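Open the model in your viewer and get ready to select residues. We will take the stops one at a time.

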Amino acid sequence: MKAALLRYRVMATIVGVLLVVLILIGVPLANFDGSSMWGFIPSTPELVTPGSSAQHVGEAITEYLGVAHGWLYMVFLVTAFMLGRRADWEMPFLVVTLVCGTVPILSFWAEHRATQRTLAEHAELR
């Protein structure tokens with residue numbers, strides 16, 4: 001189970017960092033140019049100039065990191081599920097852990113919570 005915990009922690013950290021970069025850096029740089037965003041936000045603040053290098057960086061971040069995050073999130077779901085089954089987590093705890101992986105910053109809290117619980121319940125891992 002030690003290997004399953006390590007895989008989970010690595011994937012949770014990677015997915016959490018990518019999500020923070022994507023949401024807090026990429027999306028604002030790519031979209032906050034005064035135009036509408038995602039079809040339902042009529043106007044965004046003008047933080048970057050349309051066509052600027054900052055906007056191009058933001059678009060590259062959202063395009064490439066967005067795809068990478070999507071694929072790696074699927075790997076994270078599998079590793080979290082496998083750890084949850086091996087550690088005998090009850091279903092509500094497992095579902096909350098999986099869902100928290102979709103929220104920036106909260107994913108780090110969920111990883112810490114899951115790791116502490118697993119270590120506390122399985123003394124052989126310490």
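Select leucine 6. Is leucine 6 buried or exposed? Its relative accessible area is 56%. Exposed means over 50%, so leucine 6 is exposed. Leucine 6 sits in helix α1. Remember as you go that this is a predicted model.

Along the sequence, 73 residues separate leucine 6 from threonine 79. In space, their C-alpha atoms are 9.5 Å apart.

**Zoom out**

Show the whole protein as a cartoon. How many helices and strands are there? The protein has 4 helices and 0 strands. Along the sequence, the pattern reads α-α-α-α.

The C-alpha atoms fill a box of roughly 55 × 25 × 20 Å along the principal axes. The radius of gyration is 18 Å, whereas a compact globule of 126 residues would have one near 14 Å.

The protein exposes about 7,200 Å². Carbon and sulfur atoms supply 70% of that area. Of the 126 residues, 38% are buried.

Next, think about contacts. Take those in the protein with a separation of 6 or more: 60% of them join residues 24 or more positions apart.

Colour by charge. The protein has 8 positive and 9 negative charges. Their mean positions are 17 Å apart.

**The ring cluster**

Select Tyr8, Tyr73, Phe76, Trp89 and Phe93. Ring pairs link these residues into a cluster. The whole structure holds 4 aromatic pairs.

Zoom in on tyrosine 8 and tryptophan 89. Which kind of pair do their rings form? The ring centres are 6.4 Å apart, and the planes meet at 80°. Planes over 60 degrees apart count as edge-to-face, so this pair is edge-to-face.

Now trace the chain between the two. Tyrosine 8 is in helix α1, residues 2-31. Tryptophan 89 is in the loop between α2 (53-86) and α3 (91-100).

Are tyrosine 8 and tryptophan 89 buried or exposed? The cut-off for buried is under 20% relative accessible area. Tyrosine 8 has 1%, so it counts as buried. Tryptophan 89 has 2%, so tryptophan 89 counts as buried too.

**Two backbone stops**

Select aspartate 88. Aspartate 88 lies in the loop between α2 and α3. Look at its backbone: phi is positive, about 60°, although aspartate 88 is not a glycine. Why stop for that? Most residues other than glycine have a negative phi. Aspartate 88 counts as exposed, at 59% relative accessibility.

Move on to isoleucine 105. Where is isoleucine 105? Isoleucine 105 is in the loop between α3 and α4 (106-121). Here, too, phi is positive, about 70°, and isoleucine 105 is not a glycine.

**Last stop**

Select glutamate 111, in helix α4. Is glutamate 111 buried or exposed? Its relative accessible area is 11%, so glutamate 111 is buried.

Which residues does glutamate 111 touch, leaving aside neighbours within four places in sequence? Show Tyr8, Arg9 and Ala12: glutamate 111 is in contact with these.

Technical notes:
Residues numbered from 1 in each chain as written. Predicted model: local features only at pLDDT ≥ 70, side-chain atom pairs only at ≥ 80, totals over all residues. Heavy atoms only, no water. Rg over C-alpha atoms; globule rule 2.2 N^0.38 Å. Buried < 20%, exposed > 50% of the residue type's maximum accessible area, 1.4 Å probe, protein only. Contact = heavy atoms within 4.5 Å. Areas by Shrake-Rupley, 256 points an atom, 1.4 Å probe, with all protein chains shown as cover. Lys, Arg positive; Asp, Glu negative; His and termini not counted. Charge placed at Lys NZ, Arg CZ, Asp CG, Glu CD. Phe/Tyr/Trp six-rings, centres within 6.5 Å; stacked < 30°, edge-to-face > 60°.
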